[in-house]
Amino acid sequence: MKKISTIVASAALIVSMSYAKEIKIGVVLPLTGPLAAFGQTSNDGLKIAYAQRHTLKNGDTVKIIVLDDRGDKVEAATATRRLIDKNKVTAILGEVASSNSMAMAPIAERSKTPMITHASTNPRVTKGKKFVTRACFIDPFQGAIQANYAYDHGYKTAVIVTDAKQDYSVGVSKAFKKAYLKRGGKILGRVIINSGDKDFNAQVSTIKSKNPNIVAFTGYYPEAALMVRQARAVGVKAPFIGGDGVGFPELIKIGGKAAEGFMYSDHFNEAAATSKVAKAYVAAFHKKYHKPADSMGALAADAYNMLLNAMNKCSDPSDKICVNTNLRDTKNFQGVTGLINIDKNGDAIKSGVVNVVKDGKFAYLTTVNP
Amino acid sequence: MDILTFMQQMINGISLGSMYALIAIGYTLVYGVLRLINFAHGDIMMVGAFAAYVAHASGVPFELSVVLAIIVAMITGILTDKIAYKPLRDAPKISLLITAIGISFFLENLFNVLFGGIPRAFSAPDYLTRSIHFEGIIIPMTVIIIPTVTLVLLFVMLWILNKTKYGMAIRSLAFDIPTVKLMGINADFIIMLVFAMGSALAAIGGIFYAISYPSIDPLMGVIVGLKAFAAAVLGGIGSVAGAVIGGFILGFTEIVVVAFMPELGGYKDAFAFIFLILVLLFKPTGIMGQDLERSRF
């Protein structure tokens with residue numbers, strides 16, 4: 001009896017060794033809830049990237065497990081723990097919102113699981129972490145793009161709108177203020193909002209009384225759309241400028257005519273896509289979804305491919321430490337969103353773009369290099 | 001702050017307060033009869049907004065889609081009562097409360113599955129969304145319409161409760177359900193009526209909410225529901241007039257915090273709830289609330 005079981009066991013071992021392994025990547029995204037557009041567009045891009053490539057050099061196949069966290073910090077942490085403990089994933093991809101990524105980072109760090117966030121721009125996400133990397137630029141860069149663009153185009157006074165609930169917004173506000181003051185601009189005041197709020201009449205009335213040249217809106221698209229609408233309704237004429245958190249079709253759908261002229265810094269605009277990788281991605285995206293390729297999807301695709309590249313450099317792609325070391329070592333990676341270099345903090349050094357809402361569409365204005 | 005901005009902020013306060021008031025009435029109505037804090041109320045509001053959205057998007061004129069939405073919300077309210085609350089009529093109150101939370105989650109997730117989580121743009125006819133310019137102050141039409149509708153509905157509710165036979169039945173149910181049944185009144189029918197009325201108010205509130213803030217998503221009822229609940233408690237839960245007063249106080253508190261202390265604007269919800277705690281410390285039954293065992297509405 002003992003003999004038979006030994007034979008079975010060794011046979012099983014041989015079979016499992018000769019077959020290619022399955023490498024799992026856990027993905028945490030806000031597929032529902034207030035930030036659903038972030039999660040769903042990221043997921044769209046991820047699907048394109050997965051369809052383009054899902055086998056590794058050594059023949060192993062990659063499997064992605066996507067979990068929804070409803071845009072909630074606690075849910076994001078729970079999902080991460082589940083992916084690591086129960087699904088035994090080799091790497092984690094996500095989240096979009098910096099606050100949620102920050103809730104996930106300590107869990108990845110403790111379990112020594114490489115985590116790559118494709119779109120969280122707050123510097124604190126990777127700070128002091130050895131296992132957290134990102135595929136996007138960070139807020140000081142993004143804030144500087146907005147501040148310099150605004151000042152150089154004749155908007156010399158600004159009111160900053162901060163979403164106190166979002167680390168992302170607090171970070172961009174700080175970065176905008178620093179860069180704007182350095183350039184010579186004047187900050188007339190700051191108003192606070194909370195994500196999830198719908199009534200901004202009090203805030204826009206305050207903005208109106210301050211009468212700035214420009215409104216630096218640093219929050220996310222659901223609030224951006226409603227706020228710009230309410231601002232126009234009470235007669236605020238100043239244009240809005242924001243970050244990558246506002247560039248979603250919902251800004252135009254909900255904001256309507258009021259959203260016209262809303263400028264924002266972003267990671268990607270398909271009009272500026274020149275590389276072969278980007279063109280292939282954009283073509284596949286158009287074919288599948290019949291809509292313009294957005295930045296969240298492009299970033300998710302880049303993060304996914306960075307992970308696969310790192311895995312390809314390891315003899316055992318499920319070796320988390322090796323994958324992490326190679327991920328951190330990413331140099332001159334040609335992604336959809338441009339050339340990506342990871343610095344010693346795990347942050348991506350790359351270029352950004354400025355877009356504007358024009359005739360109900362997102363139009364490309366300029367590219368800013370680091 | 002100049003006088004113009006001040007006036008503008010006051011108008012903002014009226015707008016927000018009447019919205020909370022409208023939804024708070026529904027809370028208080030159901031609580032008054034069943035002693036049930038109907039946590040699904042905010043979600044019925046969402047159902048109403050979505051029903052109006054779907055009807056309007058499929059070509060029905062706006063006014064008619066409002067009527068349809070009210071009917072859909074009433075049916076939803078009656079169904080939740082029949083399916084979830086009725087079997088628990090004699091169960092401990094805590095079971096009812098937990099069931100209400102369950103219904104709330106069910107509705108939210110059902111709509112998440114049906115419509116997805118991405119907020120949708122709610123379009124309303126121009127005469128409801130434009131604003132009037134008056135001496136430099138801008139008054140959105142909703143600021144005029146919502147408080148008017150709230151007050152009209154408040155008086156209609158008070159009239160139904162105090163002057164009609166059904167109102168008398170509702171008030172008597174609030175005292176003692178078994179005795180009312182003994183008097184030959186169909187208690188289940190009256191309770192159904194209460195849910196229908198409460199849900200209709202929620203739907204109207206939801207549609208106005210969607211007109212004022214034209215972005216609707218399946219979780220839109222959560223925060224508003226919570227605020228309206230706080231407003232109902234503040235005014236004295238069980239009192240219809242109290243709910244309206246509570247709604248206005250809550251709305252003004254939020255606006256005043258943001259207007260006069262912009263740096264503390266992030267804590268406006270905290271201020272609103274601190275205010276609630278203070279009122280309850282000194283008057284545990286709320287502003288208009290009386291001893292709940294003796295008086296109703």
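In chain A, 7 strands make up an open sheet of mixed pairing, ordered β7-β6-β8-β9-β10-β14-β15. The model is predicted, so that local features require pLDDT of at least 70 and side-chain atom pairs pLDDT 80 or more, while totals for chains, interfaces and linings use all residues. Residues are numbered from 1 along each chain as its sequence is written, and chains are lettered from A in the order in which they are written. Strands (E, at least two residues) and helices (H or I, at least four) are DSSP runs numbered from the N terminus; two strands pair if DSSP finds at least two bridges between them.

The edges of the sheet are β7 (186-193) and β15 (361-368) of chain A, each pairing on one side only. Neighbouring strands are turned by 25° against each other on average, direction ignored. Axes are lines fitted to C-alpha atoms, for helices over the stretch in contact, with angles from 0 to 180 degrees between N-to-C directions.

Strand β14 (residues 352-358) of chain A pairs with β15(A) in the antiparallel sense over 7 bridges. Within this pair, Val357(A) faces Phe362(A) of β15(A). Helix α5 (residues 139-152) of chain A packs on the sheet, its direction making about 55° with that of β14(A). Contact denotes C-beta atoms, placed from the backbone, within 7 Å.

At the interface, 32 residues of chain A are in contact with 30 residues of chain B. Helix α7(A) gives the largest share of the chain A side, 6 residues. The classes on that side are as follows.

| Class (members) | Chain A side touching chain B |
|---|---|
| Nonpolar (Ala, Val, Leu, Ile, Met, Phe, Trp, Tyr, Cys, Pro) | 15 residues |
| Polar (the others, Gly among them) | 12 residues |

Technical notes
Contact = placed C-beta atoms within 7 Å.
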